[in-house]
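The stops below go in order, each with something to select.

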Amino acid sequence: MLEKLLDDIMTRFSLTEEEGTTREFQSMGMSFEAKAYAAKGLGHVGVMTAGGPMRMETLIINPFELDAPILSCDRIHGMGQEILMVEMYDSLLGDSFRTDGMAKALGGAALFPDKGQEAWFAPLIVHPWLNQRGSADDAERFDGLAADFVAAYLDAAQAAEPCDREAKREKAAAYSKGLLRNGGPATDPVKAAMGEEFTAALFRQTLFGA
């Protein structure tokens, strides 16, 4: 799935791998590799893959040049389960990003539930978002949903206003800093395995670029 999503981005924006940002580590019995790309005209793209008892693919788009929100897409395969989670987080400076076309593209798969305030990042979530869980029979459909979501997001991003890169990076850093400060299933296992300094570099430099 990840290669398909990167290909979709490259049809619109030139991608260049960022030197010195690749990070490899072991955690939870799995081997992880993360890389960062600069997407000219868009911003930062972070990717991570993991292999082991389960396989994981992650795509993060942090747009510093267009006023769109952060996008995070996770696909998990293994133990007879297929999981797709796609969310957007508010890093917006204005109101030119429109989600109408995204919801339409996703159709009945677009979900708008309230996550509740127990999650520190709940106020930052931009609708729509996806949280799909199924069996191996759902793998192809979930990959298609991920591709549709990312394509609709890129359409909306390209229609949004250009923005000040440094102001956007500062606004976006609230989310990556929050992940490190508040902890959770994405950060705690990495901290336990690799320490706080490595985890901060992984999230702020490689995955989010802010």
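Begin by selecting Pro 128, which lies in strand 8. Strands here are DSSP runs of E with at least two residues, helices are runs of H or I with at least four, and both are numbered from the N terminus.

A note on what is on screen: this is a predicted model, in which local features need pLDDT of at least 70 and side-chain atom pairs count only at pLDDT 80 or more, while totals for chains, interfaces and linings use all residues. Residues are numbered from 1 along each chain as its sequence is written, and side-chain values use heavy atoms, with hydrogens and water left out.

Stay on strand 8 (residues 125-134) and move to Arg 133, which belongs to that strand. Is Arg 133 buried or exposed? Arg 133 counts as exposed because its relative accessibility is 55%; the cut-offs are under 20% relative accessible area for buried, over 50% for exposed and partly exposed in between, with a 1.4 Å probe and protein chains only. Beyond neighbours within four places in sequence, Arg 133 is in contact (heavy atoms within 4.5 Å) with Glu 82, Ile 83, Met 85 and Phe 142.

Next, go to two loops. Select Met 79, in the loop between strand 6 (70-78) and strand 7 (81-89). Met 79 is not a glycine, yet has a positive phi of about 55°. Its relative accessible area is 63%, so Met 79 is exposed. Then select Met 28, in the loop between strand 2 (23-27) and strand 3 (30-39). Met 28, also a non-glycine residue, has a positive phi of about 55°. With a relative accessible area of 54%, Met 28 is exposed.

Select Ile 9, Val 45, Leu 59, Leu 71, Cys 73, Phe 97 and Tyr 153, which touch the most other members of the largest nonpolar core, a set of 39 residues. Such a core consists of buried Ala, Val, Leu, Ile, Met, Phe, Trp, Tyr and Cys residues joined through side-chain atoms within 4.5 Å. Helix 3 (residues 139-159) supplies the largest share of this core, 11 residues.

Center on Tyr 153. Which residues does Tyr 153 contact, leaving aside neighbours within four places in sequence? They are Ile 61, Pro 63, Ala 68, Pro 69, Leu 71, Met 88, Phe 97 and Met 102. A second, separate core has 31 residues, including Phe 64, Ala 119, Ala 122 and Ala 172.

Finally, zoom out to the whole chain. The protein has 6 helices and 8 strands, and from the N terminus the elements run α-β-β-β-β-β-β-β-α-β-α-α-α-α. Its C-alpha atoms fill a box of roughly 45 × 40 × 35 Å along the principal axes. Of the 210 residues, 53% count as buried. Among contacts with a separation of 6 or more, 58% join residues 24 or more positions apart.
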